[in-house]
Amino acid sequence: MRTLVLFLVVLMAFIVVTPTLRAYVTQAEQQRTLVAQIEAAEERNVQLQRTLDRWDDPAYVQAQARERLGFVYPGETAYLVVDPEIVTGEEVESDPDGDGPVMMPQVGPWYITVTDSLRVAGEAGEE
């Protein structure tokens with residue numbers, strides 16, 4: 001009889017403790033996940049702050065303007081070096097019907113290319 005009572009007490013303790021233990025383990029796992037996410041966000045924040053701090057340097061701004069936008073100082077000549085593996089030197093065949101896309105060579109700064117593209121697009125719609 002004592003064994004049966006002891007077994008029932010242990011069983012009741014197990015039934016009472018199991019959900020609490022499961023909740024504890026689940027919350028501990030969630031906490032580890034959130035701590036990892038916070039650490040990743042803090043690292044990303046540090047990287048973004050470094051990038052933002054670089055933009056305070058006028059030399060970096062000039063380098064980015066030259067590299068990304070192709071800006072040059074007055075009197076300088078800009079050269080565009082083309083990868084020889086991409087350019088094959090073959091002539092592009094023109095469409096005899098003229099229905100294909102209009103190809104415009106990129107000459108000069110990017111903003112001139114954009115305005116020329118807009119002009120050509122406007123003329124193509126008038127036909």
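## Model

This is a predicted model: local features need pLDDT of at least 70, side-chain atom pairs need 80 or more, and totals for chains, interfaces and linings use all residues. Residues are numbered from 1 along each chain as its sequence is written, and side-chain values use heavy atoms, without hydrogens and water.

## Fold

The protein chain has three helices and zero strands (DSSP runs: H or I of at least four residues, E of at least two). Its pattern is α-α-α.

Helix α1 covers residues 2-54. Its 53 residues should span 78 Å (1.5 Å times one less than the number of residues). The end C-alpha atoms are 77 Å apart, which agrees. A kink of about 30° lies at V17, shortly before the proline P19 (the angle between axes fitted to the seven residues ending there and the seven starting there).

## Surface

Of the 127 residues, 4% count as buried (under 20% relative accessible area; exposed is over 50%, partly exposed in between; 1.4 Å probe, protein chains only). The accessible surface of the protein chain is about 12,000 Å² (Shrake-Rupley method, 1.4 Å probe). Carbon and sulfur atoms hold 62% of that surface.

M1 lies in the segment before α1. M1 is exposed, at 77% relative accessible area.
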